[in-house]
Amino acid sequence: MTSQRLKSGGLIDRNLPIAFMFDGKPYQGFAGDTLASALMANGVGLVGRSFKYHRPRGIMTAGSSEPNALVTVGEDGRTEPNCRATTVELYDGLVARSQNRWPSLGFDVGEVNALLSPFLGAGFYYKTFMWPAALWEKFYEPMIRRAAGLGRASYEPDPDHYEKCWAHCDLLVVGAGPAGLAAAMTAAQAGARVIIADEQSGPGGSLLSDRREIGGAPAPTFAAKISAELASMANVTVLSRTTVFGWYDDRVFGAVERVQKHVSVPAADKPVERLWRIVAKQCVLASGAEERPLVFGGNDRPGVMMADAARTYVNRYGVAAGSRVAVFTNNSSAYCAARDMEANGIDVAAIIDPRAETPDYDGQARVMANARVVGTRGWRGLTGITVQRGGEQETIPVDALLMSGGWNPIVSLACQRGAKPRWSDDHVAFLPPAPSDGMRTAGAAAGIASLGNCVQHGASIAVECLSKIGIAAKPFDAGPAEDEPAFSVTPLWHVAGSTGKAFVDFQNDVHTDDLGLAVREGYGHVEHTKRYTTTGMATDQGKLSNVNAIGILAEVRGTTPGDIGTTTYRPFYTPVSFGALAGAHRGRHFQPVRRSPLHMWAEKHGAEFVEVGHWYRSAWFPRSGETRWRQSVDREVLAVRRNVGICDVSTLGKIEIVGRDAAEFLNRIYCNGVAKLPVGKARYGLMLREDGFIYDDGTLSRLAENRYFMTTTTALAAGVLSHMEFCAQVLWPDLDVRFTSVSDQWAQIAIAGPRSRDLLKQIVDDDISNDAFPFLAAGTINLMGGQLSARLFRISYSGELAYELAVPASYGEAVANALMAIGEPMGVTPYGTEAMGVMRIEKGHVTHAEINGTVVPEDIGMGRMVSVKKPDFIGRRMLNREGLSGADRLKLVGLKPVDPSDDFSTGAHILNPGAAPSMAADQGHVTSTCFSPVLGHHIGLALIKRGPERIGEQVVVWDALKEQDIKAIIADPAFVDPAGERLHA
Amino acid sequence: MASLIQCPHCGARPKEEFSIKGSAEAERPAPDAAEDAWFEYVYQRDNPIGRIEEYWQHTSGCRRWLVVERDSGVHTVYRVLDATAARSSE
Ligand SMILES: [Zn+2]
């Protein structure tokens, strides 16, 4: 391997050598290199293997359109496959590996696929792997996946972090080349808020690859001067290494900034990538143009590259594409590349131009008019080309061929929201759609050819954009640009009669024969051809191949490229990492965690937690010696039933309702009457949906004349608030009522059991005797000698004498600690949601397991609660429907096994004894089950047809999953204290 | 779907801040209206392609309910009003 680095020149820093590894071998480059330029400088021409045929491939481009030079960069958790070597900035210690080769890049067993190529034509997946279908999962898919030639992701976690942010501006400029810089300067000087983004390591775009002068300075110097000026202005944000990948509704743009992908070790205090959502009032798309390859036999040989890329390598990186090169072009721009090669002392053997009329060329190279390249030689690197001119063929030994098939304006962003590009015969290219919705295209992206014209166009387009949002601007004057010959191009979609495969899509190995085959087999529509041949479906999304494919399709079908049209443009313009899209939402930040204010208290007492939505709730509190959860739960239940326990109920939804019409409003929200609820009292409340079914239940306490405190179930805390806001704002805006969610403001502790009052009165200053504070009392009280004001509610979920004590959230832990300390001699027991669940089943209280959206109040024995006096409440009218009342409905009952050692599961169905299981024979189902430590056997709640009429009847609990038939007896749902005496004790 | 919604109280905000309830076309009937009217209100939805009105709530913002007039076939949002104001102006 010989060095291709020139002795001088380029924008690299030759005082800063950088060491890196490729395929296990050490190399050296310079600061300012890309991985591709450094590899080329080291004479590494073979960098990858093609996807299907495993053909040797080299570097083709100098930017984000690269189809061949895909490598895996980084190690361990920082491994990133399918990086384009042409966009990877070199850093010290960079480790890169080639892909899709085994055992090595130089000797790849997969090369045999090239011999099988007659069988691997377009649509071969569809034809070969059609049947038998059973083989897909076992054989075809794993085989295709293994053969598919892309890099492999790491299984290790990514150690870096990512973030997302928003930005707002008057003008977004996409691309910081000649047109983009001029547009940004125009807007910046007018005082507009400007964001200018460019995917490269710094602003400049094509100016960085240019030797010409503009504004009295070499192009790169001009770019640096303008960039520095922009960066110094307070109203301008310059985003480098930032790809604007998508245009969404309302002029929202998606962009990804690679903040630290170019450093050896990312700083921990910065993200490696940042995802931007940019809201722009106007956008100038100055994304430039992409050079098209030419389609001729052997055009994928390492050493064949885009002419403009070769120009970038020589001018910007001081790297020669070869020692003796040829140029194959159908347009005038590649003559500049030839001139720049010669200016750098590179021997240009010939310029091969299929046109009869060729531009003037004052260099050394032989200009061959009416000529075409019809073949290439070499295998892992180019050694020569075969040129046909008239009837004669000539072999020219070269080690690099620079090709140019014309230029495609990069219109992707302008077309992502449905607008179609327009074909231009003059430009032999698709031009961007007409300006719309705040997006205008400038410079080469609009089909403008020369440097000076691009700068002027960028400035004048910015003026147009700004005038739309009422900002007067003057076009930025960059000074004169060096003259260049007028652009001319003649279409050459493929070279007929050439030898060897002529590739259209390099990354997916689609060649001209595939396109012809697709048309012959009826897949000639551009969208069909794309899918049938996979043209444009690789990670480069056909940046080089799409327009050539369209041109060839047009030839085969005897029409024009404009008639064929393009496939649909969609985000993303270039691949975006999952890390950037996920941002901070990974690991424990994937979703928020809600912890009760009593979480630490529960943790201290050894709680096992259970996730309920975003909440972590304490489920039970195992003690030493308890090895199974049931042991803990049984103990907790018995402690509450016989003594006293405390439980964290802070996760309940808590809403305060205030306003002159709060009583009237609540009366319309609940199906039971609440208007007459006195101050200082609590009441159970049932909300219906407008269709008459139960929505949620909870308690309502009247704290003052116009102030209420509502609890909802944990699950519907947010839903109930939104529902009430809807009713207040939309249905009854004339009512004076306001809501505040106070779920997070109050820690709420249930104190339950026959000795709960004995415990509580030791910390409550007020009189809470049964007379002074009876069942369903509610009010403000003082704790511990006036140290703290709190709220006390005498409500019970367990069925025991019980209270709920609410204190400001930050005092929750201290109050719980105090209760535990004071209650220790009494044996106060913390209990969790499992024990709470057991006790509510023992008491026949419902949860959303019973009120499951198919249940009306009568079904759960609450029919008489529903007000018949109220003129209106949510659900009133539809509740009266035929079918929502009547004997045959499923109704709430208890269920106990005939044999006390039997057990049944939630979801099991109820059958009459002797009935075969069927929909018709179904009598209902089990909604909740538990082991009742009080009764010493399992019990359940169930919804059963005519249930309350059938108490005492024996049924079968049929469980198809467990293959069980359990004999059970229908019972009253209140297994414990059915008369409710304990509540009032 | 639009990327930004012009909340009449908070200005242009990302759509992720809002939650959608559904059609705002039907108005809640009087409590004693005929069963047909209630059936229409609770169950019947036209699901047209074209201009529609929906209830959206700015749940992560001002928490006001809004009437968003948008096109169900394309991404255009024509108008966003506070629901109370929209209803009282009818
Ligand atoms: Zn708002």
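Select strand 9 of chain A, residues 194–197, to begin the tour. Val194(A) and Ile196(A) point one way from this strand, while Ile195(A) and Ala197(A) point the other way, and all are buried. Here "buried" means under 20% relative accessible area, "exposed" means over 50%, and "partly exposed" is in between, with a 1.4 Å probe and protein chains only. Strands (E, at least two residues) and helices (H or I, at least four residues) are DSSP runs, numbered from the N terminus.

You are looking at a predicted model, in which local features need pLDDT of at least 70 and side-chain atom pairs count only at pLDDT 80 or more, whereas totals for chains, interfaces and linings use all residues. Residues are numbered from 1 along each chain as its sequence is written, chains are lettered from A and ligands numbered from 1 in the order in which they are written, and side-chain values use heavy atoms, with hydrogens and water left out.

**Neighbours of strand 9**

Two strands count as paired if DSSP finds at least two bridges between them. Find Leu171(A), which stands opposite Val194(A). Next, show strand 12 of chain A (residues 236–239), which pairs with strand 9 in the parallel sense, also over 4 bridges. Which residue of strand 12 is the bridge partner of Ala197(A)? Click on Leu239(A) to see that partner.

Jump to strand 47 of chain A, residues 924–932. This strand is mostly covered, with 7 of its 9 residues buried. Strand 46 (residues 909–911) pairs with strand 47 in the antiparallel sense over 2 bridges, and there Ile910(A) stands opposite Gly924(A). Strand 48 (residues 937–945) also pairs with strand 47 in the antiparallel sense, over 8 bridges. Select Phe931(A) and you will find His938(A) of strand 48 opposite. Strands 47 and 48 of chain A form a hairpin with 4 residues between them. In the turn, pick Gly936(A), whose phi is positive, at about 80°.

**Backbone stops**

Which residues of chain A have a positive phi without being glycine? One of them is Asn82(A), with phi near 60°. Asn82(A) lies in strand 6 (residues 80–84) of chain A and is partly exposed, with a relative accessible area of 23%. Another is Asn370(A), with phi of about 55°. Asn370(A) lies in the loop between strand 20 (366–368) and strand 21 (371–377) of chain A, and is partly exposed at 41% relative accessible area.

For another backbone feature, zoom in on Pro571(A) and Phe572(A), which are joined by a cis peptide bond with omega of about 5°. Phe572(A) sits in the loop between helix 14 (561–564) and helix 15 (578–582) of chain A.

**Over to chain B**

Colour chain B by secondary structure: there are 2 helices and 6 strands. From the N terminus on, the elements run β-β-β-α-β-β-β-α. The C-alpha trace of chain B spans about 40 × 25 × 20 Å along its principal axes, and buried residues make up 41% of its 90 residues.

Is Asp36(B) buried or exposed? Asp36(B) is exposed, with a relative accessible area of 60%.
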